[in-house]
Amino acid sequence: MATLRHFRILRALVGGKVKLSSRVDRIRTHLPPSVRLIAVTKKVPVATIRQAYGMGLREFGESRVQEAIPKQEELQDLPDITWHFIGHLQTNKAKVVAERFDWIHGVDRLKLAKELDKLAKKGTPSPKVCLQVKVFPDPDKYGWSVEQLWEDLPAIDALENLQVRGLMAIAPWGLSESEVKELFDRVKELGDRIREHQFDRIRIEQLSMGMSGDYLQAIEAGATMVRLGRILFGDRPPLQD
Ligand SMILES: *Cc1c(COP(=O)(O)O)cnc(C)c1O
């Protein structure tokens, strides 16, 4: 449960000068062993990623191609990193992301799913993907509405080279704690319903949901992957486009 105590810890971790090793230890105590911790390293320097690696973290998430590639190059001597692309992916960058990432979390439209399938057919690696869903309307976020997803699932299932392995969701800004929990519960239910439908290729094994501010609710709802940035690495400077 996201208690007041947790909120204080969160505030201290996000804003304060707590050592990375203490942050990692604290987070690990909140995570059931079945939940994968993806350390979100956007705006985090390579030296800090190495430090996190030294503490045993192996799964890292980046959201911008142009930032991720030079960092991946510098970290090539660490071969057992699993790289997760968690940002919005433009179709024209699908190839470079498929070549460099093991997972793509934000597959949010049929066109992109088809592009990844087409690339894989021609020999580009085929990362595991999560389908990004918006169970509450949110003009600021990408993703399928539930209705549109059901409409597109048969076409997605027909893509022989696409490896759908889960659902991904981001909670909109400004929801109460209970609304956030409800949103994550609905994603979990949606995953269950898709699984019951027994598509040929689509496998919903992972629920990628939960960030620094809401990962406890996400875990409670059944998240299997949490994507944590600020709570591990502290506040980042604002993103600039
Ligand atoms: C930045 C980001 C995160 C991490 O957010 P924090 O609040 O720093 O934990 C998780 N998921 C996505 C898609 C992100 O862009």
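**Entry 1: Met 55**

I started at Met 55, which counts as partly exposed at 22% relative accessibility. My cut-offs, with a 1.4 Å probe and protein chains only, are these: buried is under 20% relative accessible area, exposed is over 50%, and partly exposed is in between. Met 55 sits in the loop between helix 3 and strand 2. Here helices (H or I, at least four residues) and strands (E, at least two) are DSSP runs, numbered from the N terminus.

**Entry 2: Ground rules**

The model is predicted, so I note that local features need pLDDT of at least 70, that side-chain atom pairs count only at pLDDT 80 or more, and that totals for chains, interfaces and linings use all residues. Residues are numbered from 1 along each chain as its sequence is written, and side-chain values use heavy atoms, with hydrogens and water left out.

**Entry 3: Aromatic pairs**

How many aromatic pairs does a search of the whole structure find? The search gives two. The rule for a pair covers rings of Phe, Tyr and Trp (its six-membered ring) with centres within 6.5 Å; planes under 30 degrees apart are stacked, over 60 edge-to-face, and the rest tilted.

Phe 60 and Trp 83 make a tilted pair, at 6.1 Å centre to centre and 45° between the planes. Phe 60 belongs to strand 2 (residues 59–62) and Trp 83 to strand 3 (residues 82–85), so the pair ties together parts 23 residues apart in sequence. I then looked up accessibility. Phe 60 is buried at 0%. Trp 83 is buried too, at 9%.

Phe 85 and Phe 101 make an edge-to-face pair: 5.2 Å between centres, 80° between planes. This pair links distant parts of the chain, 16 residues apart. Phe 85 is in strand 3, and Phe 101 is in the loop between helix 5 (94–100) and strand 4 (103–107). Phe 85 is buried, with a relative accessible area of 1%. Phe 101 is buried at 4%.

I logged one charge over a ring as well. The charged end of Arg 58 sits over the ring of Tyr 53, 3.6 Å from its centre. The test wants NZ of Lys or CZ of Arg within 6 Å of the ring centre and within 35 degrees of the ring normal.

**Entry 4: The ligand**

Which residues are around the ligand? I list Val 40, Lys 42, Ile 86, Met 168, Ile 170, Met 211, Ser 212, Arg 227, Leu 228, Gly 229, Arg 230 and Arg 236. A residue is near if one of its heavy atoms lies within 4 Å of the molecule or strand. The shell divides into six nonpolar, two polar and four charged residues. In this scheme Ala, Val, Leu, Ile, Met, Phe, Trp, Tyr, Cys and Pro are nonpolar, Asp, Glu, Lys and Arg are charged, and the others, Gly among them, are polar.

A polar side-chain atom of Lys 42 is 2.6 Å from one. For Ser 212, a polar side-chain atom lies at 2.5 Å from an oxygen atom of the ligand. Arg 230 uses a polar backbone atom, at 2.8 Å from a ligand oxygen. Taken alone, the ligand exposes 380 Å², and the protein buries 91% of that. Areas are Shrake-Rupley values with a 1.4 Å probe; for residues, only the protein chains shown count as cover.

Arg 227 also has a partner in the protein: its side chain and that of Ser 208 are joined by a polar contact of 2.9 Å. Such a contact is a pair of N or O atoms within 3.5 Å; within protein, one must be able to donate a hydrogen and the other to accept it, and residues adjacent in sequence count only if both atoms are side-chain atoms. Ser 208 is in strand 8 (residues 206–209). Ser 208 is buried at 1% relative accessible area.

**Entry 5: Positive phi**

Most residues other than glycine have a negative phi. I noted two residues here. Lys 43, not a glycine, has a positive phi of about 70°. Lys 43 lies in the loop between strand 1 (36–40) and helix 3 (46–54), and is partly exposed at 33%. Gln 198, also not a glycine, has a positive phi of about 55°. Gln 198 lies in the loop between helix 8 (177–197) and strand 8, and is exposed at 65%.
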